[in-house]
Amino acid sequence: MGGSGIKQIHVAVGVILGADGRILLAKRPEHLHMGGRWEFPGGKVEEDESIQQAMARELKEELDIDIDVKAMEPLIEVRHDYGDKQVFLDTWCITEFEGIERGVEGQELAWVSVAELPEYHFPDANQPILTALQARLS
């Protein structure tokens, strides 16, 4: 078929788990797609990068933290079609990092428990991630 030219965007998604079991969320800037909603940190995987390289780069750029890629565990792969774009969310749990997280791009951050996740408004594509996370941590 083809023709529409909608490209799938490969996104590294980091579910960062603190020692106390809480999860680090970031609020999307208002001007972006799905702006104002909460998300798991991460970003686009460049063509010449592995998922591990992309995750390490994105989390350094967004949160100023360094992760141990050997401590990354796959959680779930989600494909979602927003109509204007398709995303492939390559989602990994991260249990070890160094540094003090901060919103490098001015984004608001929050550490939340699994029980608190339903109180936060996520992009539609994140629903399977939330379900997988609740299953893993319960």
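# Close-up views of a predicted model

**View 1. Strands β1, β2, β4 and β7, together with helix α1, each supply at least two residues to the lining of the largest pocket.** The model shown in this and every later view is predicted. Helix α1 covers residues 51-63. Strand β1 gives the largest share of the lining, namely four residues. The space within this pocket amounts to about 600 Å³. Its lining comprises 28 residues, and those closest to the centre of the pocket are Val 11, Arg 28, Glu 39, Gly 42 and Gly 43.

**View 2. Four strands form an open sheet in the order β4-β1-β7-β6.** The pairing within this sheet is mixed. Which strands stand at the edges? They are β4, at residues 42-44, and β6; each has a single partner strand, so one side of each is left without a neighbour in the sheet. From one strand to the next, the twist averages 20°. Strands of a sheet pair through backbone hydrogen bonds, in either a parallel or an antiparallel manner. Here β1 and β7 run parallel and are joined by nine bridges, whereas β6 and β7 pair in the antiparallel sense, over nine bridges. Leu 89 of β7 stands opposite Val 11, and Leu 89 also stands opposite Val 78. In the hairpin of β6 and β7, four residues lie between the strands, and Gly 83 takes a positive phi near 95°.

**View 3. Helix α2 lies across β1, β6 and β7.** The helix runs at about 150° to β6.

**View 4. The largest nonpolar core contains 25 residues.** Which of its members touch the most other members? They are Val 15, Ile 23, Leu 25, Phe 40, Leu 89, Leu 117 and Ile 129. The surroundings of Leu 25 may be followed residue by residue. Leaving aside residues up to four places away in sequence, Leu 25 touches Trp 38, Glu 39, Phe 40, Glu 108, Leu 109, Ala 110, Val 112, Leu 117, Tyr 120 and Phe 122. Another core lies apart from the largest one; it has 14 residues, among them Ile 16, Leu 24, Val 45 and Trp 92.

**View 5. Val 78 is found in strand β6.** Is Val 78 buried or exposed? Its relative accessible area is 6%, and the cut-off for burial is under 20%, so Val 78 counts as buried. Not counting residues up to four places away in sequence, Val 78 touches Val 87, Phe 88, Leu 89, Ala 125, Pro 128 and Ile 129. Val 78 and His 31 are 47 residues apart along the chain, and their C-alpha atoms are separated by 24 Å.

**View 6. Strand β2 pairs with β9 and with β3.** With β9, the pairing is antiparallel and is made by four bridges. Within it, Val 112 is the bridge partner of Ile 23, while Trp 111 stands opposite Leu 24. With β3, the pairing is likewise antiparallel and spans two bridges; there Ala 26 stands opposite Glu 39. Four of the five residues of β2 are buried, so this strand is largely enclosed by the rest of the structure.

**View 7. The side chains of β9 alternate along the strand.** In a regular strand, side chains point in turn to the two faces of the sheet. In β9, Ala 110 and Val 112 point to one face and are buried.

**View 8. Arg 37 lies in the loop between β2 and β3.** Strand β3 covers residues 38-39. Why does Arg 37 count as buried? Its relative accessibility is 19%, and burial requires a value under 20%, so Arg 37 falls within the limit. Apart from residues up to four places away in sequence, Arg 37 touches Ala 26, Lys 27, Arg 28, His 121, Phe 122, Pro 123 and Asp 124. One of these contacts, Arg 28, is among the residues closest to the centre of the largest pocket.

Notes
Residues numbered from 1 in each chain as written. Predicted model: local features only at pLDDT ≥ 70, side-chain atom pairs only at ≥ 80, totals over all residues. Heavy atoms only, no water. Core = buried A, V, L, I, M, F, W, Y, C linked by side-chain atoms within 4.5 Å. Buried < 20%, exposed > 50% of the residue type's maximum accessible area, 1.4 Å probe, protein only. Contact = heavy atoms within 4.5 Å. Pairing = 2+ DSSP bridges. Axes fitted to C-alpha atoms, helices over the stretch in contact; angles between N-to-C directions. 1 Å grid on protein atoms, 1.4 Å probe; cavity = no way out; pocket = protein on both sides within 12 Å on 5 of 7 lines; lining within 4 Å. Points joined across faces, edges and corners; volume = space filled by probe spheres on them.
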